Amino acid sequence: MKKLWNTYLHTSLIVKITVALVLGVLAGFVMGEQASVLAPFGDLLIRLLTFLIIPLILFTLIVGINQTNIGNLGRMGGKVFTYYTLSSAIAIVVGLLIASLFHPGTGMQLEGTEQVDVPEHPDVISVLLNIVPSNIFSAFTELNLLGIIFTALAFGIAISAMRSSEPFKELGESLFTTITALNEASLLILRAILQYVPIGIFAIMAKTVGSQGLDTLASLGGMIGVFYLALIAHFLLYIVLMLLFGVKLGPFFKYGRTPIVTAFVTQSSAGTLPLSLNAAEQMKISNSLYSFSLPLGATINMDGAAIRIAVSAVFAANIAGTPLSFTDMLMVVLVGTLASIGTAGVPGAGIVMIATVFAQLGLPMEAVALLTAIDALIGMGATALNVTGDLVGTSLIDQHEKRRAIKKEKKAIR
């Protein structure tokens, strides 16, 4: 057993995950609905990853702030937010173009009897106010990522100010040393959790395939196929951007594939955040950038969800027999971009965004109920692209910052 365990520990993580993924699919087909008995093992993985979200965001961001100046942080923050907003809008355009070419839903009819309870989508004002938590503990207990980021920024800036102020310099350095140690401890726990990731992925994949089955896949296969085609098109756009910015694809996929595959299986951008932070560190991305951009991206950057909105809107319009006009498509881009910002990166959140867009366009809400049948199959691809988009955006901005630093250095030499 000891030899077997050592072999497992020394096997590449992506190899273990790939094997777990394949075995999970096979187990799901063989066991069918009975695969639900494996659910607790998958739930444990989500709990372990969620357990680390708060310490990783809090400590990593505070350390990152203290390794750069506030001016740089503000500049990078502006780039991150601009990229995420534009990326989501472009994703919706890509989704609309692909869906308009292949017309998913044409020929299908709604029975009109299905209903779905859709939670109310928070308005923009609520999202903005939610950035500042009513108290620190509520931000932590409710896993309010924007609130946690705000808390980390506030304390990070305060500690940085203390370290540069003579009366508090010694206290500031002591605090920074303690938080750095806590950050390292969090990363050590993460490395231990990584060994359990393949087991959790196997369980989640088996349960998902077992519950969805072939019937659902066959009945709505056209919609699923068009959606994944749009995801591939947007993914190729990522590759083009990385090549243009000089991001090395080898290291990106070597370290980024673990959080991407895990996001695909777990359907949780927020839950995969510890793995994304770990991947960014291995890619040698600036700590001060990724400690801020990735938690923010898990909250507001939803490229996969944006494509889901676009394809779903075309699907519902075709079922209703009223294809979207150009004006309708512009409305999808506008409303869909706003809806994707602030929606929690957890399973099921995509339905909330879809319902919001459908209500604005007057599309049949019965189609939302129909789409819930493939929520898991669609959510897997959407979440994987969400996490990929966060890592791509962070890599692009990091490369741009490094080029800027080199130019600045050359200018100073002259």
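**Exercise A**

*Solution.* 
- (Helices are DSSP runs of H or I with at least four residues, strands are runs of E with at least two, and both are numbered from the N terminus.)
- A quick word on what you're looking at: this is a predicted model, where local features need pLDDT of at least 70, side-chain atom pairs count only at pLDDT 80 or more, and totals for chains, interfaces and linings use all residues. Residues are numbered from 1 along each chain as its sequence is written, and side-chain values use heavy atoms, leaving out hydrogens and water.
- Gly 297 is 92 residues away along the chain, yet its C-alpha atom is 8.2 Å from that of Gly 389.

*Solution.* 
- His 234 sits in helix H10, residues 221–245.
- With a relative accessible area of 1%, His 234 is buried.
- Skip the neighbours within four places in sequence, and the contacts of His 234 are Ser 87, Ile 90, Ala 91, Val 94, Asp 303, Ile 307 and Leu 385.

**Exercise C**

Work out how H3 is oriented relative to H12 and to H13.

*Solution.* 
- Take H12 to begin with. Its axis and that of H3 come within 8 Å and cross at roughly 50°. (Axes are lines fitted to C-alpha atoms, for helices over the stretch in contact, and angles run from 0 to 180 degrees between N-to-C directions.)
- H3 and H12 are therefore oblique to each other. (Under 35 degrees is roughly parallel, over 145 roughly antiparallel, 65 to 115 roughly perpendicular, and the rest oblique.)
- Who meets whom? Leu 49, Leu 52, Ile 53, Leu 56 and Ile 57 of H3 meet Leu 273, Pro 274, Leu 275 and Leu 277 of H12.
- Sort those by class and you get nine nonpolar, no polar and no charged residues. (Ala, Val, Leu, Ile, Met, Phe, Trp, Tyr, Cys and Pro are nonpolar, Asp, Glu, Lys and Arg are charged, and the others, Gly among them, are polar.)
- On to H13, residues 287–300: H3, residues 39–65, packs against it at about 140°, with the axes 7 Å apart. That makes H3 oblique to H13.
- In H3, Ile 57, Thr 60, Leu 61, Val 63 and Gly 64 meet Asn 287, Ser 288, Tyr 290, Ser 291, Phe 292 and Pro 295 in H13. This contact of H3 with H13 divides into six nonpolar, five polar and no charged residues.

**Exercise D**

Describe how H11 and H12 run relative to each other.

*Solution.* 
- The axes of H11 and H12 come within 8 Å, crossing at roughly 170°.
- H11 and H12 are therefore roughly antiparallel to each other.
- Tyr 255, Gly 256, Thr 258, Pro 259 and Thr 262 of H11 meet Leu 275, Ser 276, Ala 279 and Gln 282 of H12. By class, this contact has four nonpolar, five polar and no charged residues.

**Exercise E**

*Solution.* 
- Recall the general rule: most residues other than glycine have a negative phi.
- Look at the locations. Gln 267 is in the loop between H11 and H12, and Lys 284 is in the loop between H12 and H13.

*Solution.* 
- Count the elements: there are 18 helices and zero strands.
- Of the 414 residues, 51% are buried.

Key. Contact means heavy atoms within 4.5 Å. Buried means under 20% relative accessible area, exposed over 50%, partly exposed in between (1.4 Å probe, protein chains only).
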